[in-house]
Amino acid sequence: THEDHRLVYDLSEGTAAMRPLLGGKGAGVAEMIRIGVPVPDGFTVTTEACVVTMEAGGTWPEQLWDEILAHLDALEQRTGRRLGAAERPLLVSVRSGAVMSMPGMMDTILNLGISDESVVGLAEESGNPRFAWDCYRRFLQMYGEVVEGVPGHAFEDEISALKSRRGIELDTDLTVSDLQELVETFRTVALRHTGQGLPTDPREQLRRSVQAVFSSWDTPRARVYRRAHDISDDLGTAVNVMQMVFGNRGDGSATGVCFTRNPSTGAKELYGEFLVNAQGEDVVAGIRTPLPLAEMEHVLPDAYRELLDTMHRLEQHYGDMQDIEFTVDDGTLYLLQTRTGKRTAAAALKVARDLVAEDVIDTATALRRIEPAQLDQLLHPGLDPEHGQEPLTRGLNASPGAGVGAVVFDADTAAERGEAGESVVLVRWETTPDDIHGVIAAQGVLTAHGGMTSHAAVVARGMGKPCVAGAGDLQIDVEARTLTVGDTVLAEGDTVTIDGTTGEVYAGALTLVPPQITDDFSAVLAWADDARRLGVRANADTGPDAAKARELGAEGIGLCRTEHMFMAAERLPVVQSMILAETPEDRGHALERLLPMQQADFEEIFTAMSGLPVTIRLIDPPLHEFLPDLVEQSVHVQRLEDAGTTGPELDDARELLAHVKRLSEMNPMLGTRGVRLALLYPEIARMQVRAVARAALAVRERGLDPHVEIMVPLVGFDEELRRMREVVETTWAEEVPDGGVPHTVGTMIELPRAALVADAIAEHADFFSFGTNDLTQTTVGISRDDAEGSFLGAYVDAGILAANPFASIDADGVGELVRIGVRKGRSTEPGLKTGVCGEHGGDPASIALFDEIGLDYVSCSPYRVPIARLAAAQVAL
Ligand code: ADP
Ligand code: MG
Ligand code: MG
């Protein structure tokens, strides 16, 4: 089985296409060898070896160690060096390398092969004892921490102690004897922590290092990262064993990281950092401040020119921006890694557009590469890039966009003040799922603790809220209600600005600027529009929202919720008097006052959407939503009684309480709402239809072109729609006798029964709009409002559910009902127009399903329109 089932490959045997087997790093290095880029020699242990080991609870497949030794042997032959030898020693790195890049999540060991014998040989051979001993102390430090579990700070503390004893600041100022002393100390430290010291045989160290890299696949942080990025736990990591090249050999050596373009802006310019006389980790670890790449031209001119040339070759070869690691060993350049560079949304668009213009890729490739959800970053108000303010502190840029508001220290206060209309920023040490209501009400979230995948970050991203996480300098005193950074103390209520795009935090309010639709954005989305079949509309309830939606590319409104128009402060009393009316006449009076208000709203919307369809949903929520809360009203009456109040004040309060009681339901979501309400009180529906019709006529008078679609919610029985349609059509005909404005009547499909009897319902409908929020609740039997903060999160974490079905459509259940609804609906009404207007309309994974089912359009919130346009293009490519 050795022949057909190898677990180790030489780097020279691999290609980019072998990435699933060799991991991203191994395949990338192999591909560089293939195209003649200078890379150190070595071999790769496959991801399969890791998977088999994990499945066997940590036991290696039988032949693995032999295969590794055979490849090590061959490497020793090729290089003319031996691991751990006193003369011409071979030193290697042992590097993790997952299939999907997980930057920094897993482990790497450098300088393996150095020992009491080989350090002498290396010193002699190089004529540079300092370098040899620097490798030794580095090795003990990394190996001790990564493989034997010695806490990293135990070594760092010793280095700091020595430096302060010697009165020096830089690692590079440590002398040979300092480094020799550190090697001794490190061994003692390791002995103290492990109880048995470190193994001294390099082959045994290699075996343990490979095992450690395998195990690093399963560390909590790696798991969390995978969860946050939808990477499967089953993939495993490859292990790359590569000959060391040395950036720490002296002033003719260096190490660095560079991108072929600027990953923040996408600009085609020099971007990178390097350090002279240093090794790999030093650049990112921030031990010394690296120099900008441009400086390298003066320090190491030949290597610099070769690097630029290689960067260009790699970018051309992959046709995408690359993120590169390099080392210069005594003047000679080596590449150690190349991968697709992670980039901001702005950079993604610019790079895509530039690469198409440069003829490196075609538009389809460009479109496929852009992550639709990432566009969200560009659609939030942000700070003026030129603001020039000094940040108070920094954390992780966990969720993009900027938030300005009063500091609050707990979720209840955030919810209370936020719901009262105040802008607040929730500041917590870290957040828990219990804080969700506070997060919802806040402009943004700031935490002192937790990373990019912390609860705060994940939740904030999910809601498109700015979040800065893990701002470690923040001192939060929840008792005193203060936050302190250095000398600055902010009390609850003081204003802060957080920039989730950069991770910066400012005291006071910085000015926000609206998101900019750049040329890159428009150009790339125009390609998407050419490519997609699915239409994209927006959910919008006001003129400004409709205008914004159109600007962002919406091809109409798929859902206009008319009841939102009832909520405005000056309208609510009129709405209440409509609800409380004792007689049809009284109700009629209230409705007459509401009619012009609604008409004005519709005129604005039709104006913004002239020439495009506008779907207007008749009143949907239960009436008691417009009345005071039952408990609050009871308490109010009680108070009046206790205070001995009598007369009209008490009478009115009691009367209102009686109404609230009469209208309140145990389960309003399944109660008197939607078409049920409109059939009980047809005069409400009639008023709404009149308002729509008059608005349409008015804007047509002004030369505009309204397209009206009237939508009836919560239909479960075809008879409901038949009757309601009659009400709508009769009223419409009274207002628009000549049929002069195009209008259609359709229904929402948001109950399982409606999907199942869609053929009968379609007899009375011109269109269906799947209301997948309610359809999900009623199909999966989970209340969205109650579940998101409780068991649903636990279900997703535990893997009972793959995803939150309210965010991404439950394809097997809800998706199947949509499929049935479309098929049955079209069976009786071949020209039936179909769309989706739930939250899922802006979710890329759901959009793929809707496209496959053959819906005509999706409708989502205005700011998700670009995301939907791109996602719809990607499924069509
Ligand atoms: P990570 O995935 O965390 O970047 P890497 O395996 O890429 O880990 O290695 C960490 C650092 O060590 C990188 O800077 C890399 O360039 C450097 N490095 C890895 N292998 C070698 C080697 N054989 N010679 C010199 N430097 C190396
Ligand atoms: Mg790396
Ligand atoms: Mg609904």
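View 1. Of the 16 residues around ligand 1, the ones that come nearest are Ser-93, Arg-95, Thr-108, Gly-280 and Glu-325; a residue is near a molecule or strand if its C-beta atom, placed from the backbone, lies within 6 Å of it. At least two shell residues come from each of strands E5 (92-98), E6 (108-112), E7 (237-243), E11 (322-329) and E12 (332-340). Helices (H or I, at least four residues) and strands (E, at least two) are DSSP runs, numbered from the N terminus.

Residues are numbered from 1 along each chain as its sequence is written, while chains are lettered from A and ligands numbered from 1 in the order in which they are written. Because the model is predicted, local features need pLDDT of at least 70 and side-chain atom pairs count only at pLDDT 80 or more, but totals for chains, interfaces and linings use all residues.

**View 2. A sheet of five strands.** Let's follow the order E1-E2-E7-E5-E6 through this open sheet, whose pairing is antiparallel; two strands pair if DSSP finds at least two bridges between them. Strand E1 (8-10) and E6 stand at the edges with a single partner strand each, so one side of each has no neighbour in the sheet. On average, neighbouring strands here are turned by 20° against each other, direction ignored. E5 and E6 run antiparallel and are joined by three bridges, and Val-94 stands opposite Ile-109 in E6.

**View 3. A sheet of eight strands.** This open sheet has mixed pairing and the order E14-E24-E23-E16-E17-E18-E19-E15. Strand E14 (393-394) and strand E15 (396-399) are at its edges, each with a single partner strand, so one side of each is left without a neighbour. Two bridges link E14 to the antiparallel strand E24 (residues 504-507), where Glu-504 faces Arg-394. Helix H15 (residues 411-419) packs on the sheet and touches strand E16 (402-408) and strand E17 (424-428); contact means C-beta atoms, placed from the backbone, within 7 Å. The direction of H15 makes about 180° with that of E17, using lines fitted to C-alpha atoms (for helices over the stretch in contact) and angles from 0 to 180 degrees between N-to-C directions.

Terms used
Contact = placed C-beta atoms within 7 Å.
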